[in-house]
Structures are given as structure tokens and as C-alpha cells.
Amino acid sequence: MQEPVQDLFTVNNLWMMIATILVFIMHLGFATLEAGLTRSKNTVNILFKNTIIPAIGLLTYALVGFNLMYPGADFAGSFFGFGGLGLSLPEGWDSSNYNAGYTYFTDFIFQAMFAATAATIVSGAVAERIKLGPFITFSILYVAFIYPIVGMWKWGGGFLNTLETPFYDFAGSTIVHSVGGWGALVGAYLLGPRIGKYTAQGMKAIPGHSIPMATMGVFLLWFGWFGFNGGSVLSASPGLVSKVFVTTSLAAAAGAFGALIVSYIKFKTYDITMVLNGILAGLVGITAGADQMGILDSIIIGFIGGGLVVFGVVLFDKIKIDDPVGAISVHLVGGIWGTLAVGLFGDLAGMSQVISQLIGIGATAVFCFGTAWLIFFTIKKTIGIRVDEKEEVEGLDINEHSMRAYPDFMTKD
Amino acid sequence: MQEPVQDLFTVNNLWMMIATILVFIMHLGFATLEAGLTRSKNTVNILFKNTIIPAIGLLTYALVGFNLMYPGADFAGSFFGFGGLGLSLPEGWDSSNYNAGYTYFTDFIFQAMFAATAATIVSGAVAERIKLGPFITFSILYVAFIYPIVGMWKWGGGFLNTLETPFYDFAGSTIVHSVGGWGALVGAYLLGPRIGKYTAQGMKAIPGHSIPMATMGVFLLWFGWFGFNGGSVLSASPGLVSKVFVTTSLAAAAGAFGALIVSYIKFKTYDITMVLNGILAGLVGITAGADQMGILDSIIIGFIGGGLVVFGVVLFDKIKIDDPVGAISVHLVGGIWGTLAVGLFGDLAGMSQVISQLIGIGATAVFCFGTAWLIFFTIKKTIGIRVDEKEEVEGLDINEHSMRAYPDFMTKD
Amino acid sequence: MQEPVQDLFTVNNLWMMIATILVFIMHLGFATLEAGLTRSKNTVNILFKNTIIPAIGLLTYALVGFNLMYPGADFAGSFFGFGGLGLSLPEGWDSSNYNAGYTYFTDFIFQAMFAATAATIVSGAVAERIKLGPFITFSILYVAFIYPIVGMWKWGGGFLNTLETPFYDFAGSTIVHSVGGWGALVGAYLLGPRIGKYTAQGMKAIPGHSIPMATMGVFLLWFGWFGFNGGSVLSASPGLVSKVFVTTSLAAAAGAFGALIVSYIKFKTYDITMVLNGILAGLVGITAGADQMGILDSIIIGFIGGGLVVFGVVLFDKIKIDDPVGAISVHLVGGIWGTLAVGLFGDLAGMSQVISQLIGIGATAVFCFGTAWLIFFTIKKTIGIRVDEKEEVEGLDINEHSMRAYPDFMTKD
């Protein structure tokens, strides 16, 4: 009698585990994207950060993050809750008694893979000039505490979920991407631009050292996004997951064209970095409503997201916020756009939804901007946050890591 | 009562969605393979093409391709049919009422990921000298119209499927790979060889700029092929899918050895590019009959496919058709070989099958050669198809994209 | 009545097939890791080896390996058995009559993907100086005969499985990683160090040519390890597989920190290659008991594994065994540590288990050390095993493969 249910549980759990693996490999995508879009003298440093961040994410999420984000009814208020240190197996953890879609351990590991993402987004915006120790300190605090607290507001049953019209964020345009994006904005601002970026003669492009690596990064991120969005269905529900695959892919494709067209009009050239970031912005944009959108909605959301990324990159350069990889434009601008879009398109569209979306965006903005500022500013005033000029010019690799990324090759610097 | 069926439907659909993801990542495989086997001055251009092609594929397949390929009984003749613009959900689209193996959206997205492949194959053969705009134009037309029409002949229930002995092409040796291969042949021929390739002193090898990228490409393609062939079972049927995994992998392995042995005999060196293309030829070769072949059949088919690729590369150089990555030898020669092999080996072997296979090969040849010629020739005579000499020598990256793939490194050109 | 069982069988088999794909892509991980940690003049050679090894693994495992490792009751003693040449389908091969978790073909292909791993591990330790022909000869013999025979001792029902307290090795810390590790040790010793590695002035670091490739390799290996360990559950059992995902990931994360901390203390720098190898050592360490360990156990095992790898690298350099990628420290030291850890931590901990683990470690050591020595020594005394000095200095690529990995770039040698 119970067999069929158990079968379905096994399938659901299988999909959630596979989604976990897909989200895991996004960290390689972030690593190669960020390394590709920056200079070869800082490549080891960037890879080091992106390798250690998932490790930090997994360990801190096991220690405190999971229980901050999902504190359970007994331990939570609307804004904050904590279920205790470490992981502890509830009754029936490995059956549909715990959850119809997955076991306790699947729940943990899927969420843990998400957690590190927020810090990874910051990494790109502060690249090529932040000291390693301070960045790791920031990452630990941001991943262990800030991200899970915001996550709790919605996914852990907090106040954003109990609004009259609940704030909606399917897979994290705000909860994940904007959280990272605010940290990126604060970090890039407090650090200041890289030496030589904004000169008396105007803005100077500092091209990334490997377009193949950047391209690989975007493909891997898109690949992983099938798990990021598809896994956020929280079961293998055929209708829902397959719909999410379609909305996600069409938004990515439309994001490529949005960025291609806008950047061609603005710059009169086929700029691959814009197309790559356009794909990502399309993905970030659809993430909040990937289960709520129709075909045309998805294409519009992705297309606008892709276009916005070009304007964003130009805008942040204009106000001299130096973001080497365009992370703020992709994750913060794209995240806000996607979150708003849930109120404008698809099954939930309506004014009261728009207001709830704005509440979620605003609350996240205030909290993340404030805490990121507190952390980065404290570090800046104590141990310091930026490498010295000599180190920045020579590259972080040789100074922080005593090695080069490509020692066999002759480079121009 | 219906639960068990629903469970199985969920599993089947899950596999088809995973197969979709695997086919998606093949586009990164194509991108890195093609970029690796060509020169660094054209790398941005190649990555740009390979990034935009899946976007084109997804959007055009949503707009017209899917309904051209699967027009449905009401809208189809034997040679052509069209179910209307855009996607529209049929009754029961998310249950086994639509299909025992997958939902409507899974059907669409799996097929859409296939669609872009045809244009990607062409990309490699025309690399390093085709203008970007014309190539994108060709790709849109080829992916949106030509590929789905040929696909309909077999997979959409058209005339190749209703022959007395139906033409058999399990996962697309002809329908996908030869379709791309004919476009590649026509494009490479009409463009002419790259400057300096065939000189009065004979053929000059133009080595690819990154063997690691090429190798990565082949591994990713093999990885994706588990979804390409395994997904073509159209369900998670344990016996069939696992058999397809075995035949596919053994053919790839044997293809490596076929190319290794033949190329060692011919060139007296261990040529990794031949081994890599041999793996691909083994994969293309098994694709038409991956579900029909036994262990030994698969090894023989792969081995011969791998050997043929070496002869193919030599042959096309002899007749001065310049194919920088060997795409014609892999996808067209391999595709024809694999399609024929269904008549020679395995469960369907027999003279009447051979004849049906030849009909399918021939019909595809005539239609694809003709339409590809029409498109490329029209472009050539109007807006032009080839970059000018200065641009070709300097590289497409700096001229079409205003950037370099590796700006930090010192290169030899 | 039988439907529900059949559903579950389909899910189980699906997971095992996906695990197969994940283990397959580990070969790309090994390829990029090894190539990244060695010099660019030997890159083609390394990629060639790593491409041909999976092909060798698949073909020899089909021919003899599978039937040596799983000879079946009729054909096996405690130490050796053989079920005959080639693959032959047993009754009910595609149903749960063959196995509750997978079909015969899934069984074969999952195991075949594992098989090649042993030779791949050796490849890293002997890199940059071994002749290609001899290495391929060794690989064929080691993969076709040595690995399956050891595997049979435990997984095929041999003497290690029938000890009073059976030797325990969940996914192969000993059976796979130490088997490779012993071959690596013997090979590196018999070859001698690379020219210029140990000089009168002391040990000279020979840095790898691409940290990005090495990083990518480790991410891909971790990615694949979800299939390597998760697939070793041999079904999609929600509780077990998800637990294995968590123990595996936490051990990897802790391995990163173990290596980071120990290497920072020893070398006063953030050494990314140590962190990368620390992750791998954490993964190798947890592999023997991934299903038996708790949260804290996994973190401790991984952390110690990561620390050990730093000591291992230093130790082997001290005794002048030149292992360019640290394969012996990762796979042999890590494998022994992980195997022992099953007796020290987790559900099986106890003195009698420690003894059984030591028996397994010892038997594998004696057999693998002996056979690897026999093979390598015989080759050395007949056709020779090491390239000549000129070839080593110029690089293997140009001498064995007549090509360069990066012909467009200016290199320092």
C-alpha cells in the first residue's frame, strides 16, 4: 500500500540530489567566469577564493547556517530564529515523513550548496585588489549569518512569507542574488576602483585575460541553473520542473539577445562579455518567478534583463564603482528586476504583489547593505581591506600566494 | 490505482530532463573543441558563435521549429507540415496522457537542445574566415527551418518513417549529424580555404591553439552524448537506456583506437587530434543504431568510424576543402557510416534496411546540400560571406569583436 | 502487483546510470588536474594518456575485467576467479531479477568507468618522463588484470569479504585509490626524478603550467565523486545516498581547510595546489566509509586527510620520489588513511575492524606493489621506460606527438 508513495519519494529525492550536484558545479562556473574576466596576475588569488568559498559554505552551513535559515516553528520569530548548533536528525528524516520531496540530508546539502553563492557573487566585484584574509573573514560572516537570516524571512517562514500577499521569490532573485549583489556593491565601493581604471583621461577598460574561461563559466552556470531553479520546485513534479526548465532556458537565450542588441547599438561591436553577462542576467531575472511565467513572459524578462546589464555596466563605471566582472549589474540589477517582474508578469501579476515584492527588495537592501557595510568597514578600519599599491600592480598571485597561474607563458605585464 | 503509473511517468520524465541538461552542455563541448582546434586570433569569434547558437536554437525552436518537426497529424504531409507559431499546451500536457515518457515542456526543451547542434557543426567547418552576420543568418535559417523539416521526415512521422521498411535513425546520425555535415561541406566549399592553407608547396597544417580546450571539448561531448543517445530512448527504460550507454561508450572507445592505429600507420606519430576526432566519429557512428547493436557491433562500428575520420581528413585536404576542425569527416562521413551500419550490423541488419538507409541518406543529402547551397550562395552574392584578407590575417577577434581572447599573453602572430 | 517494484527498480537504475556519467567525467578531471600541475611542454602527452586510458578501461573491462572482478560463484576462489571472455547477458538482466538496483549493462558500465581510474592515478606520478608506449602497456595490464583481481577480493566476494569481521571499503579508498597509489609509487621510484628536480642545491619546485586547469580538475573530480561515492550505494536509497552526499562534501571541505592550515603553518603562504590536493585527500579519505560516518567523523577524516597530504608531499620530496602532481600523497596516503578510519570512526569502529582494515591494506600493498614492480621493471629492462634526456628537456609533446599544446603562445622554455 505504501510502496507507490515510497517510490515517488525516491524519485523526488533523486532529483533534489542531482539538483544539488548541479548547483555545486556552479562554483566552478563562478570561478572560471571571474578568473576569465580579470587579469592573469590575479588568477591564482581568484581561484583560491572560489575554491575555499564552497568549503566555507558547507562547513558554516552545517554549523549554524541551516538552523538559522530553517529554525523550525519552536525557535523562530518573524525576523530571526535559530534551531541550535550543528545538524541533528529529526524523526523519519529519510522518508516522506520528513518531507514529501527529500530527506533531511538532501535538504541540508541542497541548501548548503546555495549558501556559498552569496559570497561568490561578492568575490567578483572586489576582485584584483582585496586582501585575502579580510575577504575570507567577510565570506565566513556573510555566508554563516547574513544569507541565512534573509533566507529565513521567506523560505524559513519569516515575515516576508506571512505578508497578506506573500513576497514571492521562487529560487532566489532576491534571497540569493541580490543578497550577494548588495555585498558586492558595498565591497566595490569601500575598496575603491583598481589602479588605472578611472583616470583623468576617462575610464580605461581592463580586459579579462581569458575569454574561453569566462565563456566556460557562463555555460557551467547555465548548466547548474537547471538545478538551481529546477531543484527549487523541491520535488521532481514533471509539470513544474519541466516548465521551469523551459522558462529558465528561454530567459537565458533572450538575455543573450537583449545584451547583444543593446551593446551593439551602444558600442557598434559584437561584445561577447556583454552577451555572456546578458545570459546570466536573463537567468537571474527569471529566477524569482521561473514557475509562474509563460513562454512570452520568460522571453521578455530575459531580454530586458540582458539589456539592463549593459546599462548597468555603463552606469556603475560612470559613478566609478569598479566591478571587474559586472557582478553588481548581473546579480543586483538583475535580481531586483526579476523580483519585480513577478508582480508584472505571469500568474501572480498585480499591484498588491508589486508592493510585496518591493517590501522584500527593500528589506533585503537595508539589511544586506547595512551588514555588509558594517563588516567591510570594520575590517577596513582595523586590519585593512586593500592590498598595497605595489602588490596590486605586481599582482596578488605572487604576493599572497607566491606563485603564478601560468608560469610557462610570457605575459605582457 | 493510478499511482504506480504516475510514479513511472515521473521517473521517465526525470531522465528526459536530465538528458536535456546533458545535451545542453554539449554546446560547451562544441565551443571548446572548435576554439581549441583553431588559432587564438579567432577564439572570441568562435566562442561568440557557439554561445549565440544555442540561444538562436531555443528561440527559433519555440517560435517555429518544434511545430515544423512535430506538426501533428492534422497539419502534416509526408514531406512537410506545420502546427502553427509558438508553443501551446495540449490537454494533459503534464501527464502520461501527453506521452508515457515526458511532459510537453520536456518534449520541447529536449528537442530544442538538439536543434542548435546542426548549426554548431557547420560552425567548425567555416571557422576563421566567415563573417559573423552571414553566419548568424545562415544559422537562424538552418536551425529554424531546414533541420526541423528533415527531422519531421523521420521523427515527426514523415515519409522516411512510413517506408515499407522504415528508415532507422535512433538518435540522429543522419537527422542531426549529417544535416549539420552537409551544411559544413557546402559552407567550407563556398568559402574557400583559409589563406595559406594550400600553397604551391602543398598543404600546410594550421595547428589549433589549445589542445587542452579541444580535449575538454571531446570529453564534454562524450559526457553529453549519454543524454543525446540515452535520452533518445524517450523514457528511463532500464534495459534500453543502459544498453545504449554501453554501446555508445564502447563505440567511442573503439573510435579512439581506430583513429589512433590508422593515424599512427599513416603519420608515424601519436596524433591526439585524430584520437579526439576518432572518439567523436565513434559516437556519431553508433548514434543511428545505439539501441540495436550488440557489444561487438558497437566496437566494430566505432573502430571503423574512427579510422574513417583519418581518411576523411586527408581526403578533404586533398580536394582542398578546408575544414579547420574536421567537422565534415566526423559528422558527415561518420553520420553516413553510422546510418548505413544499421543495415549491416545489429538487430535490423538486412538488404531492405540497407536500401531504406540509403534512401534516408540520399534524401537528406539532396535537401540539405541544396538548401545550404541556396542560403550560403545567396548570402555570398549579396552581402558577402567571407571577411576580407586583412581581417583574416589579423584575426576576426580584433576586427569583428574589438577584443582579444588572451590579451595578457604574448602570442607569435 | 509487480508495478511498484518495477518503478523503484527504474529509479534505482536511473541513479546508477547517472552515477556512471559522473564517474566518466572524472576522467576529464584527472586529465586537467594532471596537465595543469605539469609543464606546458608535456601537456599533449598528458592529455593523450588521459584520453586513451578510459578507452582502454572500457574495452579491457568488457573483454576480461568485469568477469575477473565479478566472476560469479561458479568461477571464483577466494583470491582469483574468472567468468570467461566478453560480456554475456544473464537471464532477467534488465529487471530486478538480476539486481534490485540496476541492470546487467548498468552494472558493467558503472564498474567499467571505475576501472580506468587506477591507471589514471599512476599517470600523474610518472608524468613528464615516461615513454608513451610503455605507459600504455602498463595501463592495459594494470587495468585489465591487477585492478579487477583486487576488486574481486572485496566486491566480488573474495577473501577480504569473508573475513570474520569483513574488510570494509565502501567505494574504494583501498580497492581503487590505493591500488592506483601503489602503482604510482613504484612507477615514480623506478623512473627516478625529473631532470633538475633534486639538485646539489636541494629540491627545486617545478611549478605546474596552468592553475586554472588544475582547479577545474579538482572541481570536476569532486563533481564526479557524487557519483563515485553516491553510486556505490548501488541504489537510489534516499537515506543512504543523501547521507553519502553530505559526508563526502563535508570531508572535501574539511580537507581544503586541513591542507590550508598545515601548509600555511609550514610555508607561510596560501598555497592553492595544497588546498586542491587537500580536497582530493578529503574525498579519498571519506571514500572507504562514506556511508558509515557521522557529520563530525566526516569533518575529522577530511581534515586529517588534507593535512596528511601536505606532510606526504614534503616526505616524498625528502626521499626523492618525484611525484609531479602529488598523486601518491592523495591516493595512497589518503587511501590508507581512509581505510583505517573505518576502524576508528563511525558505525563500524572497533579493534577487530581495525585489524581487518590492516589486512586489506596489507594484502593490497603486497599484491599491487609486487605486480606493478614486475610490470614496470620488466618494461624497464626490455624496451625501456624513460624518454631520453634530450626528449625530456625539449618536452614529450614535440618528440612523441609532433605537436605543441599551445603553438600560438610564447613560452619561457
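Here are some worked exercises on this predicted model.

**Exercise 1. The largest cavity**

Find how many cavities of 30 Å³ or more there are, and describe the lining of the largest cavity.

*Solution.* 
- Step 1: Start with the count, which comes to six cavities of 30 Å³ or more.
- Step 2: Turn to the largest cavity, which holds about 310 Å³ of space. It is lined by 19 residues, and the closest to its centre are Ser210(A), Tyr406(A), Ser210(B), Tyr406(B) and Tyr406(C).
- Step 3: Look for the elements behind the lining. Helix H6 (211-230) of chain A, helix H6 (211-230) of chain B and helix H6 (211-230) of chain C each give at least two residues to it.

**Exercise 2. A nonpolar patch on chain A**

Work out which elements give two or more residues to the nonpolar patch, and whether Ile300(A) is buried, partly exposed or exposed.

*Solution.* 
- Step 1: Select the patch on the surface: Ile261(A), Ile265(A), Leu296(A), Ile300(A), Phe303(A) and Ile304(A), with about 520 Å² of accessible area together.
- Step 2: Helix H7 (238-267) and helix H9 (295-318) of chain A each give two or more, and H9(A) has the largest share with four residues.
- Step 3: Take Ile300(A), which sits in helix H9 of chain A. Ile300(A) has 32% relative accessibility, so it counts as partly exposed.

**Exercise 3. Salt bridges around Glu128**

Trace the salt bridge of Arg39(A) and Glu128(A), then examine the one that Glu128(C) forms with Arg194(C).

*Solution.* 
- Step 1: For an overview, the structure has 19 salt bridges over all chains.
- Step 2: In chain A, the side chains of Arg39(A) and Glu128(A) meet at 3.0 Å, N to O. This pair joins distant parts of the chain, 89 residues apart: Arg39(A) lies in the loop between helix H1 (3-36) and helix H2 (43-69), and Glu128(A) in the loop between helix H3 (104-125) and helix H4 (132-154).
- Step 3: Check burial, for which the limit is under 20% relative accessible area. Arg39(A) is at 15% and so is buried; Glu128(A), at 1%, is buried too.
- Step 4: Widen the view to the network of salt bridges that links Arg39(A), Glu128(A), Arg194(A) and Asp322(A).
- Step 5: In chain C, the closest N and O atoms of Glu128(C) and Arg194(C) are 2.3 Å apart. Here the partners are 66 residues apart, with Arg194(C) in the loop between helix H5 (173-191) and strand S1 (198-199). Glu128(C) is buried at 1% relative accessible area, and Arg194(C) counts as buried at 3% relative accessibility.

Terms used:
Residues are numbered from 1 along each chain as its sequence is written. Chains are lettered from A and ligands numbered from 1 in the order in which they are written. This is a predicted model: local features need pLDDT of at least 70, side-chain atom pairs count only at pLDDT 80 or more; totals for chains, interfaces and linings use all residues. Side-chain values use heavy atoms; hydrogens and water are left out. On a 1 Å grid over the protein atoms alone, a cavity is a set of points where a 1.4 Å probe fits but cannot get out, and a pocket is an open set with protein on both sides within 12 Å along at least five of seven lines; lining residues have an atom within 4 Å of a point. Grid points are joined across faces, edges and corners, and a volume is the space filled by probe spheres set on the points. Ala, Val, Leu, Ile, Met, Phe, Trp, Tyr, Cys and Pro count as nonpolar, Asp, Glu, Lys and Arg as charged, and the others, Gly among them, as polar. Patches are made of residues with over 30% relative accessible area and no salt bridge: like charges are joined within 9 Å, nonpolar side chains (Val, Leu, Ile, Met, Phe, Trp, Tyr) within 5 Å. Accessible areas come from the Shrake-Rupley method with a 1.4 Å probe; for residues, only the protein chains shown count as cover. A salt bridge is a side-chain nitrogen of Lys or Arg within 4 Å of a carboxyl oxygen of Asp or Glu. Buried means under 20% relative accessible area, exposed over 50%, partly exposed in between (1.4 Å probe, protein chains only).
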